[in-house]
Amino acid sequence: MNALIEKLFRDGPPQAAEIEAFINGNTFPLVEPDHVTFVFRSLADEVLLRRWISGLSTSQPMQSLEGTDLWALTMDLPRKSRFEYKFEIVHNGARELQLDGLNKVQANDPFGANSVCQGYGYKRPDWTLHDPESRTGSLAELAIDSQVFEGRRDVQVYLPARFKRSRNYPLLIVHDGPDYLHYADLKTVLDNLIHRLEIPAMCVALTQSPDRLVEYTGDPRHARFIGEELLPLLTEKLPLIDRSNARGLMGASLGGVACLHAASVYPKLFGQLLLQSGSFAFSDLGQHQKGPIFDPVVRFVNGYRKKPFVLADKIYMSCGIYESLIYENRSLVPLLQKQGMQINFEEARDAHNWENWRDRLRNGLTWLFPGPLWMVYE
Amino acid sequence: MAAQQVLLGPQTPVANVRRAVEAVGCEGPVVVITAGWRDSEGEIDELQDELGIPVEDLMLYHRAEDIYLREPKLRELKSERQDKLRELQRLYRMRLKPTLSAARDLCRTTGDPELLRLEQNEAILQVRELDQHHLRRIVACHQDYDARRKSMEIPTASAEHERVHKQVKNAGLVLIAGGHVAVLLNRLRMFRLGGLLAQKTVIAWSAGAMALSDRIVLFHHHAPQGKVDAEVLDAGLGIVNGKVLLPGAKQRLSWNSSKRLSLFSRRFAPASCCTLDNGSMIHIRAGKQVKASNSFVITHDGRRLALAAP
């Protein structure tokens, strides 16, 4: 048990005022170099920590602290780790998921908010925070009348600060782009990295699929949309550098699969791929166990594993070691390397979430699109 | 009036170029060189607003592009030189890495101080010699280019040179903005402005200041893909001597690593490593530093010391 809690209980169960002082005097969870202690305060029959860490059980019961309404749980946590969690409260037969009311740090995703546990040594990177000195880019709307999808598709386009039609820019197409904006602060990151000259000023197209569980799973329509509709339209509307190494695809989770699949349909059209926690499910023997949504993914990845070929010049891949996809991602790396592509694979002490993907953007973007900071002194 | 140079750091977030203009005074037209901005050359509205006086951009980047477009032989010669310079830089890097790594290891290790000092000095000397060797190779490459360029008849280039020289001669003040240091230096060289600028009052910031110096050092301790060794790029115009100028040093250097800074400083000795941050100003007249503010020199033991006026 954590030393602060032991101290609180040294002379028996603490009084309400002592508990108040303990709660008000500390930041939760209680973080130590190799451990973290979660504390919850309320009457309940049972309290569980619900966390999304592969390899550990999803729920772990918290210990009721004798004579009080406090619950606590200490677990090992390697330094610089980060994961998201909630408390599951069981009371009078009802179960409810709650955010950690003692922890102000939260992360959002399309399904809502989670509490965030930042392990010892984790610090949110400064380049993900608004920098008043960074010039800000703008977002423009673009509508595509898609023949492939038989309907209109809306795309947001990030234009860098001081965008000029007389200059030519690299292009990055981002799957789940609006989610990257909302949950991974992509615009702030782009503004900051461009301002710091760590990446060149670039145009970024942000796409969003209305049916990503189908379109991002190796759907040939999606690849055609990217290669034969979106890219030609962007090329027509924007001043872009006409070289494959100045064109990239980016995506996370199934978005990573969508990138890899599009790159397999149009090899080397996009020289740079940025794939985060790609859901690269495959089966070596028998049927996969990931559910029917993954059937087309497995067909595609199995096919590529059987007959691999060059997809792009450079691929940056990242994956959290607290997510089950680490196995699939690790498996893919040597196969891609063997084709002669430059691969940069980064593992993070994090899980399948947007802030993990946010925190890796600098490494990925600056490796794929190195900026002029070495030569430019403004 | 004696030639003078005022060296400044980045002009954001707060510009001090106006203060520099007031310090040196100005009689005659003001011209500016923004070739380091490349495609954005000539976008000087913000600068004009800051100064409140008319400024003419010499447009060296675009003028050079026009010349190369019209003179394919010159373009070919230039591109041959650029290829050679790039290759020299690659080869230099290959040697620099192990040489510098040995010096770094020796500066970090502990042992008999007397024995160690000699080995450290020797290792730093080797780095210094390599830097000097590289610089000689670069200078020889430029000399070869100049000799071959002289034998070519390029009327377009000659006429454009004359026009630029006339503008600079008539100017009361020359400003040189920062930007891409290699591009800027290339354009200054192409129009052979070194000798002329040495006789003028020049205010230069960041890459502009580096271009005036006798040795250009590229540096960044916080590069996103990990540590990169500082490297000598080229000889500058040699108008400012004995100083390695470090624009944006506050952000670019690891100030919490005195060993790293010590090696940096000793490597480039006897030149002094001077920071040029936002708000810095170093005023040099007739080759002598007459004033300095908000600029620091890195000491041989890796500390930051205010650059003192004489």
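A:Gly248 stands opposite A:Gln272 in β16(A). This is a predicted model. The points below cover strand β15 of chain A, which spans residues 247-252, and then the interface in which 17 residues of chain A are in contact with 34 residues of chain B.

- Because 6 of the 6 residues of strand β15 of chain A are buried, the strand is largely enclosed by the rest of the structure.
- On one side of β15(A) the buried residues are A:Arg247, A:Leu249 and A:Gly251, and on the other they are A:Gly248, A:Met250 and A:Ala252, so both faces are covered.

**Pairing of β15(A)**

- Strand β13 of chain A, residues 171-174, runs parallel to β15(A) and is joined to it by 4 bridges.
- In this pairing, A:Val174 stands opposite A:Met250.
- Strand β16 of chain A, residues 272-276, also pairs with β15(A) in the parallel sense, over 5 bridges.
- Together with helix α7 of chain A (residues 254-265), β15(A) and β16(A) make a right-handed β-α-β unit.

**Interface of chain A and chain B**

- About 1,900 Å² is buried between the two chains, and carbon and sulfur atoms give 56% of this area.
- A:Trp374, A:Met375 and A:Tyr377 supply 45% of the area that chain A buries against chain B, more than any other three residues.
- There are 2 salt bridges between chain A and chain B, including one between B:Glu43 and A:Lys164, with the closest N and O atoms 2.2 Å apart.
- Across the interface, 12 residue pairs are in polar contact.
- Elements α11 (361-368) and β19 (376-377) of chain A each give two or more residues to the side that touches chain B, and α11(A) gives the most, with 4 residues.

Notes: Residues are numbered from 1 along each chain as its sequence is written. Chains are lettered from A and ligands numbered from 1 in the order in which they are written. This is a predicted model: local features need pLDDT of at least 70, side-chain atom pairs count only at pLDDT 80 or more; totals for chains, interfaces and linings use all residues. Side-chain values use heavy atoms; hydrogens and water are left out. Buried means under 20% relative accessible area, exposed over 50%, partly exposed in between (1.4 Å probe, protein chains only). Two strands pair if DSSP finds at least two bridges between them. A crossover is right-handed if, with the strands pointing away from the viewer, the path from the first strand over the helix to the second runs clockwise. Contact means heavy atoms within 4.5 Å. Buried area is the accessible area (1.4 Å probe) that two parts lose on being put together, summed over both. A salt bridge is a side-chain nitrogen of Lys or Arg within 4 Å of a carboxyl oxygen of Asp or Glu. A polar contact is a pair of N or O atoms within 3.5 Å; within protein, one must be able to donate a hydrogen and the other to accept it, and residues adjacent in sequence count only if both atoms are side-chain atoms.
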